[in-house]
Every structure is written in structure tokens, then in C-alpha cells.
Amino acid sequence: HIRYGICGDGVNRRKLEEEIKELGLSDNVKMYGYQDPVRPFLGCADAFIFPSRREGLGMAALEALSMGIPVIAADNRGTQEYMDPGKNGFVCAWNDIGGYIRGIEAVQSMGKEQRKEMEYYCRESVKGFEKEDAGRAMHEVYCRMDDMIDDQRQSEGK
């Protein structure tokens, strides 16, 4: 009873469409292509699967979390920044199919109260990644760099 939607386009889209058809999954897996905005699609989801092998930060997962949607994510550099297993979703190795299945089953088996708690924690877990926070952090980085450059120039007598 799972419906899986894929938003986005990429070089492997045709191959993936063929595999979906060959495996007889066309009734369960839908390819929606590039979507802007993506929030209406996310709003229908019980969980967000994020199997990226490598990820800088993973804005797609952060957007899902901001909507209270638990993320079942690959353990990579980006997701390590915000995933809290069992609280805002579940984490497994990028190629651990069983881990994704266990994450999906865990979300499916949640009671109403447990689901509400996870939704709340999902939203809370992204607060440090809001635009204002990122802007403030970058401002601090640039100010420190300016200070370092000024210190270096002074030490060189310039």
C-alpha cells in the first residue's frame, strides 16, 4: 500500500522509468518531473526518502522536515548535520535497502500521538537552517575573514 512519487529530472530518468515499468511498479511509483513549487507534493507525503550517497547539505530533506515530514535518509555528510534518528526520521547506509524498509515500516506503525511528536520534532530540527540563521552565520564568517586579512596586513606592515 505504498505510493512513491519522484520529483525532479536527471540523466537517469528514462532508465528509471523503464525499470519501474519492467518491475510492474507503475501503479505505485510515479515520476512527476521537475516541480516548482514542490511543497504541494511534499504535503501529501507520510515520509520523505532521501537516499543520496553524497550530499552537501540536502535542502530537499530540510524542506520536508520543515513541513513536519519524517525523513528516511542515507547517512552522509549533509544529513549528519540535522538528522536525529528516531526523532525526526531514520538513517541508514545509502545502499541499505533493508534500512529504508525498516524506516518506512516504523513510520507506518506510528500511532497518532507518536506521529504528532515526530512532526513537531521535524519542524524544530530545521530551525538552525533558516535563511536568517544562515545569513547571520555567513556574516560572522566574512567578518572573521576580514579581521584575519586586516591582522595579516598589519603584521606584514602594509
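Close-up 1. Rings of Phe, Tyr and Trp (its six-membered ring) pair if their centres lie within 6.5 Å; planes under 30 degrees apart count as stacked, over 60 as edge-to-face and the rest as tilted. Three aromatic pairs are counted by this rule. In one of them, the ring centres of Tyr32 and Phe41 are 4.9 Å apart and the planes stand at 55 degrees, so the pair is tilted.

**Close-up 2. The aromatic pair of Tyr82 and Phe129.** These two rings form an edge-to-face pair, with 5.8 Å from centre to centre and 85 degrees between the planes. The pair links distant parts of the chain, 47 residues apart: Tyr82 lies in the loop between β4 and β5, and Phe129 in the loop between α5 (112-125) and α6 (131-155). Helices (H or I, at least four residues) and strands (E, at least two) are DSSP runs, numbered from the N terminus. Tyr82 is buried at 4% relative accessible area, whereas Phe129 is partly exposed at 29%.

Close-up 3. Three strands are arranged in the order β3-β4-β5 with parallel pairing; two strands pair if DSSP finds at least two bridges between them. The edges are formed by β3 (48-50) and β5 (89-92), each with a single partner strand, so one side of each has no neighbour in the sheet. From one strand to the next, the twist averages 10 degrees. Four parallel bridges join β4 (residues 71-74) to β5, and Ala74 stands opposite Cys92 in β5. Helix α3 (residues 59-66) lies across β3 and β4 and runs at about 160 degrees to β3. Contact means heavy atoms within 4.5 Å. Axes are lines fitted to C-alpha atoms, for helices over the stretch in contact, and angles run from 0 to 180 degrees between N-to-C directions.

Close-up 4. For Cys7, the nearest cysteine sulfur is that of Cys44, 9.8 Å away. The sulfur of Cys122 is 16 Å from the closest cysteine sulfur, in Cys92, too far for a bond. Cys7 is partly exposed at 34%, whereas Cys122 is buried at 0%.

Residues are numbered from 1 along each chain as its sequence is written, and side-chain values use heavy atoms, leaving out hydrogens and water. In this predicted model, local features need pLDDT of at least 70 and side-chain atom pairs count only at pLDDT 80 or more, while totals for chains, interfaces and linings use all residues.

Methods
Buried < 20%, exposed > 50% of the residue type's maximum accessible area, 1.4 Å probe, protein only. Disulfide = S-S within 2.5 Å.
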